[in-house]
Amino acid sequence: MIYLKSMFLKLKKPIFIKKVQAVVVINFLLSSIYIEIFLLLSLRWWRELFPPSEIGNSKIVGYSQYFGYPFYFDSVYLMILIFVPIFILVTVVYLFNKWER
Amino acid sequence: MRKVKSCLRINRGNLLPCLLFIFIFIASVGFVCGNYLGFASFDAQEFLVWEHSSLNNVFPYRDIFYPYNFINYFYLSNAFIYCFYILISPILFTLLYWIFDKLFKNRLLSIISTLALFAYVLNISGIYAVYRYGIFFVIPLLFAWILYQFDLTRKAYFILGALLGLQTMLFLEQGLYVTFLFLSLYFFKNALYLKKNKKNYRSSPHEVIWIATGFIVGLMPIAVFLYKAKALGDFINFFVMLKDISLLAKIPYFVSFFSLTNLFTFLSLIIAILYLSIRLLFLNNKTRFSSYLIFSLIIEILILENKSVIRPINEQITIPVLILIIVLISDFRAKFISLKAKKMIPIVFLLGLCFVFLFDLKGTDLGISGKYLMIPRECYENNLNNFLLANSEYQKVVDQLKSYDSNAKVLSFPGDPIFYVLFNQRPPYFNTIYEASSINGQTAMVNYMQKNDVKYVIVDKNNLTIQDNVPNYIRGNFVLQYILNNYSFKQNVDNYLILEKNTRADIFIPINDPYFENLLTINLMDIPFSEGYYKSRYLNSSNSTVLIRSNEDKILNEYLDGRTVKSENLFLLVKTIRKTEVTANIKMGIGDSLNSSISFNACKAGEVCVIDLSRLPVFSKSRILRQINFSNVYELSLVKVDSKTANLFW
């Protein structure tokens, strides 16, 4: 059993969680780091999965046309990078709350 | 309303914000007139052109492409706007102090936080960020307080809507962001209310209608002003062009992602979202003002991060990030360490004072500030002199050209717009090929050359690409072709080529400068792939004729040997048989003893890349294709296409 007291979670009383639960939590936390690293390293691979940016009739050629990946790709990728760890950490907090009950 | 009035009433307690206002006014007024410009920077030219245009009655959006707002354009030429402009920084920082005061409920901490932030802005992010994004940084925080503090009536929503409409017209994209944030805060407030009072929740579509009506009314004054100035149509069209600019301005984001400032922003953002999510989802506390502030700042930073994806503004984003950190600290202080707060105050006070002592006092020269205050035009002249001191080569080119013809009109390619200022010449609608890349933009530039009978073109030899590594010959091939066909080499002055109007000469024969050799070696990157992917379906037997197809250059060259194959509407279709290399290379022998080579990202096996040869600089004049060399992993087709179909391609 592992003794946990968190100021941040503002638990009413200290809680005890099983080792298995601790492993689950640690793995959750580590996975957010692994996923971030994976996402950053695999950026180029994801880019190439998408079709190239189209050059319109008005012949606008910018960076995304010249280097050939979708215009909104970076924005979407950034949002994923921001929200993946948040989603995982919120899940961890949810688990704590569940165990506390 | 009584509460609002009581907040605004002047009393002894308001002396501190008044002193703060005066201090920030004195400290920042020296920066109003452009001391923020790095005079060696390329972008400084654009600001000088806009200042020059503003002082010479060139109306923005109608006569010149201007990507910012009215306030920034007219501040030197209109006394009323100038007065408002110089007060932007002190007003915003005083408002920020007032918000901190509502948050901390401690004047000392509020004043130290405000001054520390001001010191940071002055020394690190640059005060320009306040004039550029300050409204967007601070006004939503004020709305957060209004929505947190009051249950507004429909009349109040109408007035707020009208204010949002007015500021949207005045501050354009900043104004739109503020409006978006106000609506986000409004729905955030409703969502919190719904969470608390599930049974008693009343939806409020009427409030949204009042906001929308007020917003439309708020748009009217500036719309009428634009209509009277015959610029309303151009102003509306400006928003369409702004969409194109975001497309053109896109640069690789993940290169700047790993900068220290961006990582700081990124981590702060994650911590703040996580903190707010946990507080709202799991802790059943009373909603606090700080929740509204954190929510507002998160949305602000997310919007700015998305802007940064197109063009990096990492330093500027750190300003709302620091405000966010101050709000988070205040929340932690109130929630967890309230007993120790008294002990913390002297430490924070000392830290704040350290920041204050770091102030850069150069900009607070009262003599210069006073001069600018009295004569705004001095700002422009001072900026121009500083720019020319840092970039002496421009004056050399001007002197040389004036020795030929003192009244001659010029065009700068790809875009050193400072020449229009130095020649006291009204600039083209788009100053640089970077802004004029759309076909309409390029046509406007060519029309400008024809209408003004431009005698000389000044080519910046070192500027092979503008801002984002996309070559000028790719970006502005229509204007480049016009220049190559109608001008010839006159002289070299430092890094500049002077071309003189001459419709008979061929600029590639003889090649007078290495600049033209660069135009013969072209990297098209992903363009042939994109063109093939989206547009090869346009090519069919009714609008195109395949002259020859083979995977051996010997067979193609035998075909070219016996015939006159002109480059006009001539397409090269490159089908990859086996993908053995990342970059495909094709060398061409052309009539008049010229050689040109193209490289591009090879298509996947079985896919076709398409190249319109007449778009290449060497084929700006119709020439004969004599020889072609390529690897046998590709199957090449030479295709003649009718003009209508050819126009569909890049």
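The legends below describe close-up views of a predicted model.

**Figure 1. Confidence of the predicted model and of chain B.** The model as a whole has an ipTM of 0.82 and a pTM of 0.87. For chain B the mean pLDDT is 86, with 89% of its residues at 70 or more. Residues 360-366 of chain B have a pLDDT below 50, and in the model this stretch makes nine contacts beyond near neighbours in sequence.

**Figure 2. The contact between chain A and chain B.** Chain A contributes 31 residues to the contact and chain B contributes 40 residues. On the side of chain A that touches chain B, α3 (63-67) and α4 (73-100) of chain A are the elements that give two or more residues. Of these, α4(A) supplies the largest share, 10 residues. By residue class, this side of chain A comprises 18 nonpolar, nine polar and four charged residues.

**Figure 3. Domains of chain B.** The domain assignment of chain B places domain 1 at 150-249, domain 2 at 388-511 and domain 3 at 525-646. Between the C-alpha centres of domain 1 and domain 2 of chain B the distance is 42 Å.

**Figure 4. The antiparallel sheet of chain B.** Four strands of chain B form an open sheet in the order β6-β12-β7-β10, with antiparallel pairing. The edges are β6 (544-550) and β10 (608-612) of chain B; each has a single partner strand, so one side of each lacks a neighbour in the sheet. From one strand to the next, the twist averages 20°. Helix α25 (residues 527-535) of chain B lies across β7 and β10 of chain B and runs at about 110° to β10(B).

Figure 5. Strand β7 (residues 570-576) and strand β12 (residues 634-641) of chain B run antiparallel and are joined by seven bridges. Within this pair of strands, V574(B) stands opposite L636(B) of β12(B), and K575(B) has E635(B) of β12(B) as its bridge partner. In a regular strand, side chains alternate between the two faces of the sheet. The pairing of β6(B) with β12(B) is also antiparallel and extends over six bridges. I548(B) has L638(B) in β12(B) as its bridge partner.

**Figure 6. The mixed sheet of chain B.** Another open sheet of four strands in chain B has the order β5-β9-β8-β11, and its pairing is mixed. Because β5 (521-525) and β11 (625-629) of chain B each have a single partner strand, they stand at the edges, with one side of each left without a neighbour in the sheet. Direction ignored, neighbouring strands of this sheet are turned by 20° against each other on average. Strand β8 (residues 583-590) of chain B and β11(B) run antiparallel, joined by four bridges. The bridge partner of K587(B) in β11(B) is N629(B).

**Figure 7. The surroundings of Q481 in chain B.** Q481(B) belongs to helix α23 (residues 477-486) of chain B. Q481(B) counts as buried because 20 C-beta neighbours lie inside 10 Å. Although Q481(B) and S620(B) are 139 residues apart along the chain, their C-alpha atoms are separated by 5.1 Å.

Notes:
Residues are numbered from 1 along each chain as its sequence is written. Chains are lettered from A and ligands numbered from 1 in the order in which they are written. This is a predicted model: local features need pLDDT of at least 70, side-chain atom pairs count only at pLDDT 80 or more; totals for chains, interfaces and linings use all residues. Two residues are in contact if their C-beta atoms, placed from the backbone, lie within 7 Å. Ala, Val, Leu, Ile, Met, Phe, Trp, Tyr, Cys and Pro count as nonpolar, Asp, Glu, Lys and Arg as charged, and the others, Gly among them, as polar. Two strands pair if DSSP finds at least two bridges between them. Axes are lines fitted to C-alpha atoms, for helices over the stretch in contact, and angles run from 0 to 180 degrees between N-to-C directions. pLDDT is the predictor's confidence in each residue, from 0 to 100. Domain bounds come from an automatic or database domain assignment. A residue is buried if 20 or more other C-beta atoms lie within 10 Å of its own, exposed if 12 or fewer, and partly exposed in between; C-beta atoms are placed from the backbone.
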